[in-house]
Amino acid sequence: MIPFNKATVTELEEQYVIDALHNSKLSGDGKYTMKVYEQLKQRFGFENVLLTTSGTTALEMSALLINLEPGDEVIVPSFTFSSTVNAFMLRGAKPVFCDIRPDTFNLDETLIEGLITEKTKAIYCVDYAGIPCEIDAINEIAKKHGLYVIEDAAQSIGSTYKGRYTGTLAEFSCFSFHETKNYAMGEGGALVMDTDKYMDRAEIIREKGTNRRQVLKGWTDKYTWHDIGSSFLPSDVLAALLYAQLERYDDIMEKRRGIWYRYHELLKPLEEQGKLRRAIVPDHVVHNGHMYNIVLPDDQIRTDLVEYLKQNEIMAYICYVPLHSAPMGLKTGYRPEDCPVTEEYGARVLRLPLYYDMSEEDTELVVKKIGDFYG
Ligand SMILES: Cc1ncc(COP(=O)(O)O)c(C=O)c1O
């Protein structure tokens with residue numbers, strides 16, 4: 001069976017996790033969390049970063065930090081995971097769904113300004129499939145209109161845009177280290193901020209609204225309630241797992257990108273025959289090999305192909321059901337036709353299996369079976 005994802009765990013992960021169990025803290029902010037911060041700083045230049053319990057909670061923290069309130073509007077793509085939107089809807093803010101580009105399936109930056117009203121407070125953009133969105137244009141629009149930019153970089157750790165790493169592109173960036181991501185800690189994430197001005201409050205919000213972190217640092221001796229917040233701090237045992245993955249950074253990256261490019265090469269003849277469209281990566285982007293997706297001629301062909309691959313023990317995955325036309329999206333007043341490009345590609349995109357241990361033969365088999373499906 002070829003699963004769509006399989007986490008990679010070696011003796012290194014085992015070693016660090018066992019060490020954390022005996023020699024660090026079971027709760028958060030222990031030795032391995034600090035080592036992760038050092039790695040993230042050295043590798044990507046993240047200065048103001050906090051590990052979180054998930055990519056979802058990193059997004060929720062960003063919504064708290066920018067003080068979103070009922071009545072505020074947030075511009076967001078509909079082609080994303082529910083967490084991107086739930087994060088600010090939990091604060092009472094309203095999603096304003098913006099359509100996507102047909103090449104990368106990221107926010108169509110040319111449509112953003114037409115959606116801005118006096119209530120707009122932020123843009124939540126997404127790096128779909130590890131390919132950074134058009135952040136320069138998005139930042140420029142945000143600056144002109146005084147809006148916050150939060151990049152949902154859940155899938156894009158290690159990708160670059162015009163030579164700059166994601167996590168250094170927007171005011172707030174939210175990463176995921178979920179099992180399905182390139183570098184995993186089971187459940188986990190990180191919030192990266194482009195300035196230290198939010199750090200103190202972010203640490204309070206992450207610790208149930210208390211100043212516990214400041215007490216641990218010895219800055220104050222009173223441990224008390226300062227703000228709203230929640231339990232967003234992950235265990236150091238999970239940080240140990242992530243630290244091992246980050247030590248294997250180059251190997252994991254090389255392997256995933258290798259599989260990605262092998263798919264790209266093998267699928268070319270099928271694209272030339274008009275059977276599918278291969279992934280498109282803009283020239284100014286270097287991606288992290290997070291995901292390989294193809295675009296099929298229509299929804300029915302995609303359904304049939306998924307079924308055919310399943311019969312052959314290959315698990316391909318229908319990516320996102322667009323949020324604006326999902327049951328909750330319809331409740332917010334949206335109709336499928338409001339984001340036509342999202343609606344179209346939401347029905348045609350298919351994500352192929354891609355994971356660290358995937359062999360060359362497995363990659364070839366997936367492509368062969370797609371070819372067989374078409375006869
Ligand atoms: C675009 C996007 N945003 C947010 C998330 C949520 O991340 P997590 O699963 O770590 O909560 C995901 C996870 O798949 C995602 O793909």
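Let's start at the ligand, which has 17 residues around it; the closest are Gly55, Thr56, Asp152, Ser176 and Lys181. Keep in mind that this is a predicted model.

Lys181 comes in with its side chain instead, placing an N or O atom 2.7 Å from an oxygen atom of the ligand. Then there's Tyr320, with a polar side-chain atom 3.1 Å from a ligand oxygen. On its own, the ligand has 390 Å² of accessible area, and the protein covers 91% of that. The space the ligand takes up is the largest pocket.

Now step back to the shell as a whole. Sorted by class, the shell has ten polar residues, five nonpolar ones and two charged ones. Two helices to pick out are α3 (55–65) and α4 (82–89), each giving at least two residues to the shell. The largest share comes from α3, with three residues.

Leaving the ligand, let's turn to charged pairs. Side chains of opposite charge can pair when their charged atoms come close. This structure holds 26 salt bridges. One of them joins Arg248 to Glu13, with their closest N and O atoms 2.7 Å apart. It's a pair that links distant parts of the chain, since the two residues are 235 residues apart. You'll find Glu13 in helix α1 (residues 11–23), while Arg248 sits in the loop between α8 (236–247) and α9 (249–266).

How values were computed:
Residues numbered from 1 in each chain as written. Predicted model: local features only at pLDDT ≥ 70, side-chain atom pairs only at ≥ 80, totals over all residues. Heavy atoms only, no water. Near = heavy atom within 4 Å. Polar contact = N/O pair within 3.5 Å; in protein donor to acceptor, adjacent residues only side chain to side chain. Areas by Shrake-Rupley, 256 points an atom, 1.4 Å probe, with all protein chains shown as cover. 1 Å grid on protein atoms, 1.4 Å probe; cavity = no way out; pocket = protein on both sides within 12 Å on 5 of 7 lines; lining within 4 Å. Sits in = over half its atoms within 2 Å of the grid points. Helix = DSSP H or I, 4+ residues; strand = E, 2+ residues; numbered from the N terminus. Nonpolar A, V, L, I, M, F, W, Y, C, P; charged D, E, K, R; others polar. Salt bridge = Lys/Arg side-chain N within 4 Å of Asp/Glu carboxyl O.
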